[in-house]
Amino acid sequence: MSGILDLLNSDLGKTIINGVSNQTNQPQNKTQDVLTMALPVLMAAMKRNAATPEGAEGLLGALGNKHDGSILDNLGGLFEGGVDSSVIDDGSKILGHVLGGKQQHVENALSQKSGMDAATVAQILKVAAPLIMGYLGKQAKQQNVSSSNGVESLLGGLLSGNSANQEQNFLESILDADGDGSVIDDVAGMVLGGSKKKSGLGGLLGGLFGGK
């Protein structure tokens, strides 16, 4: 199964990057950098939430209902003239639900690594979150996911497509860190700078941000 980052290299991903970039008035390459880091973090956070029966049922319900993938059927219309405020409000709720109290910390960590201010990072995530949920909804439909185990397995597959254990530790650290930023720097140094492995998430991020 391909990983979530493969989405960004697809035609659909390029349309999303282009649309989000126009919506937030940010360069496409910077927008792609933020999304390249953010998507695995959001997937890892969703996978954690889906590890409980309640969390899995809630996500399954959302993917079968509001986030069934239909938002991706007319991206031209979605981005034309600016994304509707109801979509951005929905994105804000998704981020709050998925990241909880870690939301600001994750946005700050992404801001540090991308060189973009945290408020703009937050805007990018709000626009992207409903689209990511729509992508998950489409995947769930294609794979006939109908149980909590199926949801967890779907998320795990999207993560394992592009992240080895080291990178997984990086994602977990972003979600676990206490917000002082130092853990992010230590772990990012280890994964982005010290990793000899150039494939997968570490290689991709290392390439983006000057890792050795």
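Valine 98 sits in helix 6 of this predicted model. With a relative accessible area of 9%, valine 98 is buried, because under 20% counts as buried. Of its 212 residues, 49% count as buried.

**Valine 98**

- Leaving aside residues up to four places away in sequence, valine 98 touches Leu42, Ala45, Met46 and Asn49.
- Valine 98 and alanine 50 are 48 residues apart along the chain, and their C-alpha atoms are separated by 9.9 Å.
- Valine 98 is also one of the residues closest to the centre of the largest pocket.

**The largest pocket**

- The largest pocket holds about 220 Å³ of space.
- Its lining is made up of 14 residues, and those closest to the centre are Gly58, Leu59, His97, Val98 and Met133.
- Two or more lining residues come from each of helix 3 (28-49), helix 4 (53-64) and helix 6 (85-99).
- By class, the lining of the largest pocket has six nonpolar, five polar and three charged residues.

**Overall fold**

- Read along the sequence, the chain runs α-α-α-α-α-α-α-α-α-α-α-α.
- Among contacts with a separation of 6 or more, 75% are between residues 24 or more positions apart.

**Helix 4 against helix 9**

- Helix 4 packs with helix 9 (residues 148-160) at an angle of about 80°, and the two axes are 9 Å apart.
- Angles of 65 to 115 degrees count as roughly perpendicular, and helix 4 and helix 9 are therefore roughly perpendicular to each other.
- On the helix 4 side, the residues in contact are Ala56, Glu57, Leu59 and Leu60.
- On the helix 9 side, they are Ser148, Val151 and Leu155.
- The contact of helix 4 with helix 9 comprises five nonpolar, one polar and one charged residues.
- Leu59 belongs to this contact, and Leu59 is also among the residues closest to the centre of the largest pocket.

**Other buried residues**

- Aspartate 90 is located in helix 6, the helix that also holds valine 98.
- Aspartate 90 counts as buried because its relative accessibility is 10%, and the cut-off is under 20%.
- Apart from residues up to four places away in sequence, aspartate 90 touches Lys66, His67 and Pro130.
- Valine 83 lies in the loop between helix 5 (75-79) and helix 6.
- The relative accessible area of valine 83 is 8%, so valine 83 is buried.
- Valine 83 touches Gln23, Leu78, Ile88 and Val127, when residues up to four places away in sequence are not counted.
- One of these contacts, valine 127, is 44 residues from valine 83 in sequence and 7.7 Å from it in space, C-alpha to C-alpha.
- Glutamine 103 is part of helix 7 (residues 103-114).
- At 17% relative accessibility, glutamine 103 counts as buried, because 17% is under 20%.
- Glutamine 103 touches Leu95 and Gly96, with residues up to four places away in sequence left out.

**Asparagines with positive phi**

- Most residues other than glycine have a negative phi.
- Asparagine 25 is not a glycine, yet has a positive phi of about 55°.
- Asparagine 25 lies in the loop between helix 2 (11-24) and helix 3.
- Its relative accessibility is 66%, so asparagine 25 counts as exposed, the cut-off being over 50%.
- Asparagine 144 has a positive phi as well, near 50°.
- The place of asparagine 144 is the loop between helix 8 (118-142) and helix 9.
- Asparagine 144 is exposed because its relative accessible area of 63% is over 50%.

Notes:
Residues are numbered from 1 along each chain as its sequence is written. This is a predicted model: local features need pLDDT of at least 70, side-chain atom pairs count only at pLDDT 80 or more; totals for chains, interfaces and linings use all residues. Side-chain values use heavy atoms; hydrogens and water are left out. On a 1 Å grid over the protein atoms alone, a cavity is a set of points where a 1.4 Å probe fits but cannot get out, and a pocket is an open set with protein on both sides within 12 Å along at least five of seven lines; lining residues have an atom within 4 Å of a point. Grid points are joined across faces, edges and corners, and a volume is the space filled by probe spheres set on the points. Helices (H or I, at least four residues) and strands (E, at least two) are DSSP runs, numbered from the N terminus. Ala, Val, Leu, Ile, Met, Phe, Trp, Tyr, Cys and Pro count as nonpolar, Asp, Glu, Lys and Arg as charged, and the others, Gly among them, as polar. Axes are lines fitted to C-alpha atoms, for helices over the stretch in contact, and angles run from 0 to 180 degrees between N-to-C directions. Angles under 35 degrees count as roughly parallel, over 145 as roughly antiparallel, 65 to 115 as roughly perpendicular and the rest as oblique. Contact means heavy atoms within 4.5 Å. Buried means under 20% relative accessible area, exposed over 50%, partly exposed in between (1.4 Å probe, protein chains only).
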